[in-house]
Amino acid sequence: MRPNGRLTAVDRPSAWFWNATRRTAVALVPTLARPDDEFAAGRLESQEYRLYLTMDRRDRQHACNITRKLLASRPDAPAVLVRAALLHDVGKAGKPYNPVHRMLAHLYTPGAMPTEPRYSGLRGAWQVKLHHHLYGATLIREAGGSEQVARLVELHHEPGGDQDAALLKALDDET
């Protein structure tokens, strides 16, 4: 259950099942993904939008879904949080989208993998799952993006005491 008392997909097995089924179908058939690039373009700085476009369409759809949920729950969300929601998975853009590797990494990922050197294949998918938040923050900084956005992306899996990063993690976990 979320802190606001709303149930999450984990609390409702049928919702979890249908969400997993939908995500699997989209993973296997990329044309099912419908990212709202225009929505993103209206919220991101130009260098951030260029990074956003490097993401696979399935990741862009997920980013837009997270951002819409954020805005539904917090219409007054600061612009940096909205931009971080759109870019939270940009660190996955460095590798080609392989649905089998993504699914296997979702089912099992070793507890520790080095961030560098970057591997290919399933080992690379494990690295991306574990470290995409670090890769994404680096990409944002290298592109000249906002340090605040980069920091939120970096914290979105381990927010510590950052409330905005914790909200981003909660939304990501339920979607």
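Is H5 largely enclosed by the rest of the structure, or largely open? Point 2 takes that up, after a word on the model.

1. **The model.** This is a predicted model, in which local features need pLDDT of at least 70 and side-chain atom pairs count only at pLDDT 80 or more, while totals for chains, interfaces and linings use all residues. Residues are numbered from 1 along each chain as its sequence is written, and side-chain values use heavy atoms, with hydrogens and water left out. The predictor's confidence in each residue, pLDDT, runs from 0 to 100. The protein chain averages 90, and 93% of the residues score at least 70. Please treat residues 1–9 with care: pLDDT stays under 50 there, and the model has 14 contacts for them beyond four places in sequence. Contact here means heavy atoms within 4.5 Å.

2. **Helix H5.** To answer the opening question, H5 is largely enclosed by the rest of the structure, because 8 of its 9 residues are buried. Buried means under 20% relative accessible area, exposed means over 50%, and partly exposed lies in between (1.4 Å probe, protein chains only). The buried residues of H5 are Val80, Leu81, Val82, Arg83, Ala84, Ala85, Leu86 and Leu87. Their cover includes H2, H3, H4, H7, H8 and H9. Helices are DSSP runs (H or I, at least four residues), numbered from the N terminus.

3. **The core.** The largest nonpolar core has 29 residues, and those with the most contacts inside it are Tyr52, Leu70, Leu86, Leu87, Ile140 and Val149. Such a core is a set of buried Ala, Val, Leu, Ile, Met, Phe, Trp, Tyr and Cys residues joined through side-chain atoms within 4.5 Å. H5 (79–87) is among the elements that give two or more residues to this core, and H5 gives the most, with 7 residues. Leaving aside residues up to four places away in sequence, Val149 touches Glu48, Val80, Arg83, Ala84, Leu87 and Ile140.

4. **Lys69 and Glu174.** A search of the whole structure finds 12 salt bridges. Each is a side-chain nitrogen of Lys or Arg within 4 Å of a carboxyl oxygen of Asp or Glu. In one of them, the side chains of Lys69 and Glu174 meet at 3.9 Å, N to O. Lys69 lies in helix H4 and Glu174 in helix H9, so the pair ties together parts that are 105 residues apart in sequence. Lys69 is partly exposed at 33% relative accessible area, whereas Glu174 is buried at 11%. Lys69 also touches Leu171 and Thr175.

5. Which residues does Arg141 join in one network? Glu147 forms a salt bridge with Arg141, the closest N and O atoms being 2.8 Å apart. The side chains of Glu154 and Arg141 meet in another salt bridge, at 3.0 Å, N to O. Through these shared partners, Arg141, Glu147 and Glu154 belong to one network. Glu147 is partly exposed at 45% relative accessibility, as are Arg141 at 32% and Glu154 at 27%.

6. **A surface patch.** Val100, Leu104, Leu107 and Tyr108 form a nonpolar patch on the surface, with about 440 Å² of accessible area together. Patches are made of residues with over 30% relative accessible area and no salt bridge; like charges are joined within 9 Å, and nonpolar side chains (Val, Leu, Ile, Met, Phe, Trp, Tyr) within 5 Å. Accessible areas come from the Shrake-Rupley method with a 1.4 Å probe, and for residues only the protein chains shown count as cover. Tyr108 lies in the loop between H6 (99–107) and H7 (121–142), and counts as exposed at 51% relative accessibility.
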